[in-house]
Amino acid sequence: MSSVVDSTQRGKQIFWVTIGVILSSIGQYYFLLPDNILAGGASGLSMVLNEFIPLPYSVILFVLNVVLLILGYVFVGRNFGGLTLYATLLGSALIGVFDFLLPMSAPITSDIMLNMVFGTLLMAVGIGWVFNANASTGGTDILAVMIKKYLGYSLSQGVMMVEAVIIAATFGTFGMRKGLYALLSILLFVICMNKVVAGGEGRFEITIMSSKTEAINRYVIDEINRSTTLYHAEGGYQRKPRLVLMSIVDGRQLIKIKQFVHNVDPNAFFYVSSITDISGLGFTFNIHPMSNIEETEDNMMEFEEAKKLEKAENVKPYGVYRERMKQRAESTTPKTTARAQQTDTVALEKAKDEVVPEHTKDEKE
């Protein structure tokens, strides 16, 4: 039964990714490209390169996406799902199909502002649907991930750096007027896409009750890079104590968390509320959940040893390094109450159980 549900869910994801990429490609090729209006990302960079490389735009976009995917695989790792690979290659292929079967030699209207607005809206809605299907279109997002990994900036800062370089190249290549249109297009794209992804709202509060609370907690902190709050609660019917997790995230993060919760605990109960106003750590200024841990040479050596151990012993996610870092952080931050200390001990033991190698579990059974 679960395999049927998974197949249906996968089919829906592929459907929405396909529709999203088609919309995005139409907006890009028929509305933005004829007027040399950039919407950022790999498409914008390809448009700039097309002025200097005597090849069709579709060929440059395809080669650039392939190069970026290879760079991502080499320097970031297998961090790209099948849907992302599908969306990236489909987008490049569609531009090639349009270029061959339905070529566009002139702008669709004589009003450059109208072309910019409709082209950007189509791209924003299309890519928003791709994100809602838990995928992405790859492209320069890969460069942003590399900046985050090797330079220590956040993902959003990495995206801003890449887009800033592309916009600067636009001003230098197409002049002030087209550069200003490109800047306006990117701003409109970001606003509209965030609305599509978030369903019209910017931030959400998600509250989760699950038997896998510790695993979900570590995922939100370590992978989503958001802080959490844990509540001690008691079920009204069975009167059993339980741990309730609450976090405030944006639309894209919400989609990833929901997908993860569904995978680790299909019986989990959670609800989502829209947030209209928010201020504080992580939203109006930056948050670094593990910032109290110094990245010393010893720590980095320990990290490399932990990665080798995880690979050799087939340890499940939320592995050795994170547990060691958590223990170190706890040793430098005394607990204020006995109850809090007891809670942390129980949570840590559960986390350790989750990282027991598969062969060790078989021996115990």
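Predicted model: local features only at pLDDT ≥ 70, side-chain atom pairs only at ≥ 80, totals over all residues.
**Entry 1: Leu94.** I located Leu94 in helix H4. Leaving aside residues up to four places away in sequence, I found that Leu94 touches Val21, Ile22 and Ser25.

**Entry 2: aromatic pairs.** I noted that a pair of aromatic rings is described by the distance of the centres and the angle of the planes. My search of the whole structure returned 7 aromatic pairs. One of them is formed by Tyr29 and Tyr30, with 4.9 Å from centre to centre and 85° between the planes, and I recorded this pair as edge-to-face. Tyr29 and Tyr30 are both buried.

I then followed Tyr30 to a pair with Phe98, where the centres are 5.3 Å apart and the planes make 50°, a tilted arrangement. This pair links distant parts of the chain, for Tyr30 belongs to helix H1 (residues 2–32) and Phe98 to helix H4 (residues 82–101), 68 residues apart. I asked why Tyr30 counts as buried. Its relative accessibility is 13%, and the cut-off for buried is under 20%. Phe98 is likewise buried, and I noted a relative accessible area of 11% for Phe98.

**Entry 3: Asn115.** Is Asn115 buried or exposed? I found a relative accessible area of 1%, so Asn115 is buried. I placed Asn115 in helix H5, which covers residues 112–132. The side chain of Asn115 is joined to that of Asp35 by a polar contact of 2.7 Å. Beyond four places in sequence, I listed Phe31, Leu32, Asp35, Pro107, Ile108 and Thr109 as the residues that Asn115 touches.

**Entry 4: helices H2 and H3.** I noted that two packed helices are described by the angle between their axes and the distance between the axes. For helix H2 (residues 41–50) and helix H3 (residues 57–75), I recorded an angle of about 125° and axes 9 Å apart. H2 and H3 are therefore oblique to each other. Their crossing is right-handed.

I also looked up which residues make the contact between H2 and H3. On the H2 side I listed Ala42, Ser43, Leu45, Ser46, Met47, Leu49 and Asn50. These meet Tyr57, Ile60, Leu61, Leu64, Asn65 and Leu68 of H3.

**Entry 5: helices H8 and H9.** I examined helix H8 (residues 213–222) with helix H9 (residues 251–264), and found that their axes come within 11 Å and cross at roughly 155°. H8 is therefore roughly antiparallel to H9. I recorded a right-handed crossing for H8 and H9. From H8, the contact is made by Ala215, Ile216, Tyr219 and Val220. From H9, I listed Lys256, Ile257, Phe260, Val261 and Val264.

**Entry 6: the chain as a whole.** I looked up the secondary structure of the protein chain, which comes to 13 helices and 4 strands. Of the 365 residues in the protein chain, 38% are buried. I finally checked contacts between residues at least 6 apart in sequence, and found that 72% of these join residues at least 24 apart.

Notes: Residues numbered from 1 in each chain as written. Heavy atoms only, no water. Phe/Tyr/Trp six-rings, centres within 6.5 Å; stacked < 30°, edge-to-face > 60°. Buried < 20%, exposed > 50% of the residue type's maximum accessible area, 1.4 Å probe, protein only. Helix = DSSP H or I, 4+ residues; strand = E, 2+ residues; numbered from the N terminus. Polar contact = N/O pair within 3.5 Å; in protein donor to acceptor, adjacent residues only side chain to side chain. Contact = heavy atoms within 4.5 Å. Axes fitted to C-alpha atoms, helices over the stretch in contact; angles between N-to-C directions. Parallel < 35°, antiparallel > 145°, perpendicular 65-115°, else oblique. Left-handed = near helix turned anticlockwise from the far one by under 90°.
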